[in-house]
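Me: I am new to this structure. Please show me how to read its main features.

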Amino acid sequence: MSRDIIYRLNPVWVLIGTNIILFIVTVTNTGIIIQLGLMPAAILERPWTLISCIFLHGSLWHLMGNMVTLFFFGRYLRNLLGNRKFLFIYFIGGILGSVFYVILAPMFSISIGASGAVFALGGVLAIMRPKLRVLVFPIPVPMPLWAAVIGGFIVISFFPNVAWQSHLGGLVFGLVAGYFLRRQERYYRYRW
């Protein structure tokens, strides 16, 4: 693949496509979730699962929820910050979500999903563009982005079988990164 094609690839679509392909693979071979899912008790034997778990999903609804959110948050953040910063936030948020899961979750549980990475994107946007109005299904009234992100975290955390620890890790990283990126944005805006 030439360098020009690589630079023109939209990382949001590449991430969505990768997640969809791996979901199809795991539907046909559920043992992959055991090998690539994150289990705190096995982290020393399988450290790659800190990253691999980000690309696996347990159901079509799980996949759709994360990919729709990735599409909207990812498109906006990528246009705001560029590919490199977008990918940095996505992957570091996902990895820190995994680290929080290893520290806070039961030892023999398994975590899968892109939610920590997606919450990192949401956290950055909640700080950088807090007043941006968004629609959240099923609420038909626009609300500020910060309320949607924080409210979504709180509501989803009470669902059964949800790795709230991963969400928390991604969100905390996103909020901190958003703070520094917003300061940097203001510095360059007012400097000129």
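Me: How many salt bridges does the count come to?

Reply: Side chains of opposite charge can pair when their charged atoms come close. The rule asks for a side-chain nitrogen of Lys or Arg within 4 Å of a carboxyl oxygen of Asp or Glu. By this rule there is one salt bridge. Glutamate 185 and arginine 129 form it through their side chains, at 2.8 Å from N to O. Glutamate 185 is in helix α9, and arginine 129 is in the loop between α7 (115-128) and β1 (133-136), so the pair ties together parts 56 residues apart in sequence.

Me: Where do the numbers come from?

Reply: This is a predicted model: local features need pLDDT of at least 70, side-chain atom pairs count only at pLDDT 80 or more, and totals for chains, interfaces and linings use all residues. Residues are numbered from 1 along each chain as its sequence is written, and side-chain values use heavy atoms, leaving out hydrogens and water.

Me: How many helices and strands are in the chain?

Reply: Helices (H or I, at least four residues) and strands (E, at least two) are DSSP runs, numbered from the N terminus. The chain has nine helices and two strands. Along the sequence they run α-α-α-α-α-α-α-β-β-α-α.

Me: Is α7 mostly covered or mostly open?

Reply: Start with relative accessible area, taken with a 1.4 Å probe and protein chains only: buried is under 20%, exposed is over 50%, and partly exposed lies in between. α7 is mostly covered, with 13 of its 14 residues buried. In the chain, buried residues make up 41% of the 192 residues.

Me: Is asparagine 161 buried or exposed?

Reply: Asparagine 161 counts as exposed because its relative accessibility is 83%. It sits in the loop between α8 (145-157) and α9.

Me: Which residues form a nonpolar patch on the surface?

Reply: Patch residues have over 30% relative accessible area and no salt bridge; like charges are joined within 9 Å, nonpolar side chains (Val, Leu, Ile, Met, Phe, Trp, Tyr) within 5 Å. Areas come from the Shrake-Rupley method with a 1.4 Å probe; for residues, only the protein chains shown count as cover. Here Val172, Val176, Tyr179 and Phe180 form the patch, with about 370 Å² of accessible area together. Valine 172 lies in helix α9 (residues 164-191). At 35% relative accessibility, valine 172 counts as partly exposed.
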